[in-house]
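Hi,

Here is the structure I said I'd pass along. Have a look at it first, and my notes follow below.

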Amino acid sequence: MNELPQQLVNGLLLGSMYGLVAIGYTMVYGIVQLINFAHGEIFMVGGFGALTVYLYVLPDGTSLWVALPLMLIGGIIVAVLVAVGAERFAYRPLRTAPRLAPLITAIGLSLALQQAVWAWYPDARSAITFPQIDGGPFEIGSVTIQTGDVFLLIAAPISMAILAYFVMKTRTGRGMQATAQDPDTAKLMGINTDRIIVVAFALGATFAAIGAVAYGLKYGEVQFRMGFILGLKAFTAAVLGGIGNIYGAMLGGVVLGVAEALSTAYIADIPGMDQFGSQSWANVWAFVLLILVLLFRPQGLLGERVADRA
Amino acid sequence: MRQRSLIAITAALAAGALTLTACGSRDGDGGSDSNGGGTTVVIGVDAPLTGDLSALGLGIKNSVDLAVKTANKDKYVEGVTFKIEALDDQGQPSAGQQNATKFVANEDVLGVVGPLNSSVAESMQKVFDDAKLVEVSPANTNPALTQGPDWQTKKERQYKSYFRTATTDAIQGPFAAQYVYNDAKKKKVFVIDDKKTYGAGLAATFSEEFKKLGGQVVGTEHIDPDTKDFSAVATKVKSSGADVVYYGGEYPQAGPLSKQIKAAGAKIPLVGGDGIYSADFIKLAGASGTGDLATSVGAPVEELPSAKEFVANYKTEGYKEAYEAYGGYSYDSAWAIIEAVKKVVEDNNGELPDDARAKVTEAMQGVSFDGVTGKVSFDEFGDATNKQLTVYSVENGAWNAAKSGTYGG
């Protein structure tokens, strides 16, 4: 069996998830030049928000067709509240402080959110099962697509399209672009930059929550540490694509996911490389790729074109 | 420029954050107060009480607690009251070593039950041995812990203070291979491990025996236990044409792995060791996990006559968590320490001697009693003399014993 098409699909799916989370890193960075390291945990609380709706709000046995949209909304609400709260209480007071201060706050916030879920969410000390969509996998030629992955496959491009429309066409979106270019001038032009920053955080959290629901459906579980590694990967994806560039975030995610899948599948076949090809080396190859891109194209794959920065 | 250096700092901080998560919180109360006229002896427990492996860890802690309560109730050792002090190692060797140091510093601790993970045990052994503090693990199965790194050619005991009630992977891996080849009639295996001390060791002993029997290893993989996406590995398994997967590792990865392999279209069973023998595995593997197999040390606790009392008492105490795979062994480990303390106290006219720790370690070698899991005693390496194993399979959402036996070599 030729496994290349399947491995490409595996990578594409994993990459789409990285991309959804990477959007949050890239938007916040594009506007306030802050790397919001707690974004992985915003993703995580989004997953728990969706789970809460399923477990504690909806009656038992609700069809997933009804539950899923409500879970999405619940996840988004929780993630947005946490993100906006973080912005208001953890980052805004430090906006004029040296660059390093909010970064350290972000890491502290990330640990605090993990520990909060660990300590207070019922049964969250180990993984909690997430509801699954019934039905068998879809076979297209030699490629198998899981039912749980269909959500991701649909949600990722739609999210991107909505985001692109929002940033390019709406008044707030143009305000974001202006703030990204020059916050001071934007303020002089009558743009409420504080509001724009809140919107950037909220949008990033929305996509993170969509990603978290996709994660739950794909892997069948959520857990308090799920955002940590995934957040790091998404940050890597954002840098790979050109941090500050929303299309770059998605592209960076997909490139990273495909690189991981292909390195697991094929590097061991290269003579002399057999011990570097297993899945446990996928992270290493992902970072080798990142280093190569930063060495030869420091602005990232798509670059950080100022006009697109939002 | 400013932005580039920001990314560099960020990367450095990210690396720092990775290490930070290795620590985290741990609870536990110091238990150095002695009560009334009697002496208090503390039995330490080191296990992952939080995190992915906490189901197994809490089962260990509760079972030791039960042993201590039983000994106190029966006044098993005249004039001695036992207490437990449980520390959380989160499955991390660094945390385990810190806990070991903490136990050594507390003079009332005369023995420690734990840890769960072989890799954690590696980091603790020397600390305990230097202090002559006895450590009895209910769960470590890596042969090197007792018989030295060259155990396949030249067995050599590493630490005189280390004992275990569980049997080793030198027996468990081949036992699984014989079952898979002879009973389940599978000939082509895909071997996966998590590169940790336990998982890699188990996968190696399995592969060796499987090949010796005439089976074929059609592929190998190592996975990163920090990730959840095994789709690339699952696809490799499918295209390899294997009819069975052996996984050396633990249930937090084994569950999703089993699920993703089946989802990729390879409807073949996943076989693992005692590290996947947990109710949580079934939860994580989902409906498609039916037919998956695990070997575990000893006979099923529920079936041994010696274990009936343990199961009943465990229920009476009303512990919130199940005793899981290592409950019986943990109870026996704690009881071995209690027996050793009893002998030391009796030899010293009913009092603890000044060099109690060294004496208890010495006494441990000669301990022999009928425990929950059968006869409990230790050979010249500190390994359990009881070498029984059982194969379990997942049926109707529960583990069912398929075959018990001792590995014939």
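Keep in mind that this is a predicted model.

Let's start with α2(B), which covers residues 54–73. This helix has 20 residues and reaches 28 Å from its first C-alpha to its last, close to the 28 Å expected at 1.5 Å a residue. Most of α2(B) is covered, with 16 of its 20 residues buried. After the helix comes Lys75(B), which has a positive phi, near 45 degrees.

Next, a helix pair. α3(B) is residues 93–105 and α4(B) is residues 118–130; the two pack at an angle of about 30 degrees, and their axes are 8 Å apart. Angles under 35 degrees count as roughly parallel, so that is how α3(B) runs relative to α4(B). The crossing of α3(B) past α4(B) is right-handed.

Which residues in α3(B) and α4(B) meet? On the α3(B) side they are Pro93(B), Gly96(B), Gln97(B), Ala100(B), Thr101(B), Phe103(B) and Val104(B). Their partners in α4(B) are Ser119(B), Val120(B), Ser123(B), Met124(B), Val127(B) and Phe128(B). Sorted by class, this contact has eight nonpolar residues, five polar ones and no charged ones. As a reminder on spacing, an α-helix has 3.6 residues a turn, so residues three or four places apart point the same way.

Then there is α6(B), residues 169–183. Its 15 residues should span 21 Å at 1.5 Å a residue, and the end C-alpha atoms are 20 Å apart, which agrees. α6(B) is mostly covered too: twelve of its 15 residues are buried. Among them are Asp169(B), Ile171(B), Phe175(B), Tyr179(B) and Tyr181(B). What do the buried residues of α6(B) pack against? The list is one helix, α7 (197–213), and the strands β8 (244–248), β9 (270–272), β10 (293–297), β13 (388–395) and β14 (398–406), all of chain B. Just after α6(B), Lys185(B) has a positive phi of about 55 degrees.

Is Val198(A) buried or partly exposed? Its relative accessible area is 22%, and buried means under 20%, so Val198(A) counts as partly exposed. Leaving out residues up to four places away in sequence, Val198(A) touches Val84(A), Glu87(A) and Arg92(A).

Cheers

Conventions:
Residues numbered from 1 in each chain as written. Chains lettered and ligands numbered in written order. Predicted model: local features only at pLDDT ≥ 70, side-chain atom pairs only at ≥ 80, totals over all residues. Heavy atoms only, no water. Helix = DSSP H or I, 4+ residues; strand = E, 2+ residues; numbered from the N terminus. Expected span 1.5 Å × (residues − 1). Buried < 20%, exposed > 50% of the residue type's maximum accessible area, 1.4 Å probe, protein only. Axes fitted to C-alpha atoms, helices over the stretch in contact; angles between N-to-C directions. Parallel < 35°, antiparallel > 145°, perpendicular 65-115°, else oblique. Left-handed = near helix turned anticlockwise from the far one by under 90°. Contact = heavy atoms within 4.5 Å. Nonpolar A, V, L, I, M, F, W, Y, C, P; charged D, E, K, R; others polar.
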